[in-house]
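Please look through the sequence and the three-dimensional model shown here before reading on. The report that follows is meant for someone who has not seen this structure before.

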Amino acid sequence: ATGLQPIRCRAAVCRKPGEPLVIEEIIVAPPMPREVRIRIICTSLCHSDLTFWKLKDPPGIFPRIFGHEAIGVVESVGKDVHEVKEGDTVIPTFMADCGECKDCLSNKSNLCTNFPFSVSPGTPRYGTSRFTDLNGEVIHHFLFVSSFTEYTVVDVVNVTKVDPAIPPNRACLLSCGVTTGVGATWRTANVEKGSTVAIFGLGSIGLAVAEGARICGASRIIGIDINPERFETAKKFGVTEFVNSRTLGDKSVSQAIIEMTDGGADYCFECVGRASLVEEAFTCSRQGWGKTIVLGVDQPGALLNFSSFDVLHRGKTVTGSLFGGAKPKSDVPTLVNWYTDKKLELDKFVTHEVGFEDINEAFNLLIEGKSLRCVIWM
Ligand code: CXF
Ligand code: ZN
């Protein structure tokens, strides 16, 4: 370990929105108090990286190091870090778990009050950057993780120690996408055995919801998408029925689902990020106990439109599920155990693996819809 010295290493820097990443040498400052410096083993590409990589406004958050789904080894720790030590294998998460606030102490919430989630360009505790280029220019962080670099600095509230025995190219998926989808069924919705589940959007998050629903013992898992090719893949994730929303004619998706389920689905998950789809999901959730869980990210300021009648007279619920409602420091290790016990399948999510120098290929595969998860090895 280099202790409290700056490290010079390679990073895939995004200089301008939407432009290919450039692998360059950067300087990574030592961790500040309560921070840890991590050597990234591997990272995978999540759709949120694409969303923010493309984003032209608000301006001023470039150059930036993206990546937030990863696993690594602690290289050094800052002052007052007792939870992890040099050599520990850790999973960084964009959600914090301070373990001390009202939310972290409650089993009902994963929304840390002391370190709330935001898309800040800096670290959570200081709001500053640990990255500079060789000209001394600041490079910004992303989602408190920034994993497209050989070394990164993450606050101790954003790292979870895990069993180093788990293969890193599987464990990294628990850093964002798979935990979000599986957590949404297990932690947010609490899907019971025998339930009927409807999933809007069969990308990685929708498929992780299907995996979670299968684990929870749902008996019907209905996948809704515009791309019929996705159904073949979805079958491997436990999806039992498919609705192509493009070929329904005059019927709306919700009408189709209500007919298929004799009154509506018990749990509806929106995994696309479009307000109109949340409304469709809400409409086809069953009266009395139907729950709609919002996972997709719409434009900031997007409003949801549904009737107060449906809430009051029909007893329906809508809820969000950031990181699947999972608490990083306790739930991520549980999911690691589920993988080891062969209860949770992770292998099928990894469709591609590339070396760090081919990181732009991982972007292209996801943009073209060819990959679910592409692991990038450092
Ligand atoms: C997302 C969650 C919602 C806001 C943007 C980031 N997380 C990870 O992909
Ligand atoms: Zn993500």
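This is a predicted model: local features need pLDDT of at least 70, side-chain atom pairs count only at pLDDT 80 or more; totals for chains, interfaces and linings use all residues.

If its neighbours within four places in sequence are left aside, Leu174 is in contact with Ile91, Thr179, Phe323, Val332, Leu335, Val336, Leu344 and Leu346.

Strands of a sheet pair through backbone hydrogen bonds, in either a parallel or an antiparallel sense. One open sheet in this model has four strands in the order E1-E2-E6-E7, and their pairing is antiparallel. Its edge strands are E1 (7–13) and E7, each of which pairs on one side only.

Strand E1 and strand E2, the latter covering residues 22–28, pair in the antiparallel sense over seven bridges. Within this pairing, Val13 stands opposite Val22 in E2, while Ala11 stands opposite Glu24 in E2. Although E1 is an edge strand, it is mostly covered, with five of its seven residues buried.

How many residues of E8 are buried? Five of its five residues are buried, so strand E8 is largely enclosed by the rest of the structure. Tyr151, Val153 and Asp155 point one way from E8, whereas Thr152 and Val154 point the other way, and all of these residues are buried.

Strand E3, which covers residues 35–44, is joined to E8 by five bridges, and the two strands run antiparallel. Across this pairing, Val36 stands opposite Val154 in E8.

## The second largest pocket and Leu322

The second largest pocket has a volume of about 220 Å³. Its lining consists of Asn107, Lys108, Ser109, Asn110, Leu111, Arg187, Thr188, Gly320, Ser321, Leu322, Gly325 and Lys327. Sorted by class, the lining holds two nonpolar, seven polar and three charged residues.

Leu322, one of the lining residues, is found in the loop between strand E15 (317–320) and helix H10 (328–340). Leu322 and Ile166 are 156 residues apart in sequence, and their C-alpha atoms are 25 Å apart in space.

## Backbone details in the loops

Most residues other than glycine have a negative phi, and most peptide bonds are trans. A cis peptide bond joins Phe62 and Pro63, with omega at about -5 degrees, and Pro63 is found in the loop between helix H1 (47–54) and strand E4 (69–77). Phe144, a residue other than glycine, has a positive phi near 65 degrees and is found in the loop between strand E7 (138–139) and strand E8 (151–155). The relative accessible area of Phe144 is 6%, so this residue counts as buried, the limit being under 20%.

Asn190 likewise has a positive phi, near 60 degrees, and its place is in the loop between helix H4 (177–189) and strand E10 (196–200). Gly194 is also placed in the loop between H4 and E10, and at 43% relative accessibility Gly194 counts as partly exposed. Leaving aside neighbours within four places in sequence, Gly194 is in contact with Gly217, Ala218 and Ser219. Gly194 and Val178 are 16 residues apart in sequence, with 22 Å between their C-alpha atoms.

Note on methods:
Residues are numbered from 1 along each chain as its sequence is written. Chains are lettered from A and ligands numbered from 1 in the order in which they are written. Side-chain values use heavy atoms; hydrogens and water are left out. Contact means heavy atoms within 4.5 Å. On a 1 Å grid over the protein atoms alone, a cavity is a set of points where a 1.4 Å probe fits but cannot get out, and a pocket is an open set with protein on both sides within 12 Å along at least five of seven lines; lining residues have an atom within 4 Å of a point. Grid points are joined across faces, edges and corners, and a volume is the space filled by probe spheres set on the points. Ala, Val, Leu, Ile, Met, Phe, Trp, Tyr, Cys and Pro count as nonpolar, Asp, Glu, Lys and Arg as charged, and the others, Gly among them, as polar. Buried means under 20% relative accessible area, exposed over 50%, partly exposed in between (1.4 Å probe, protein chains only). Two strands pair if DSSP finds at least two bridges between them.
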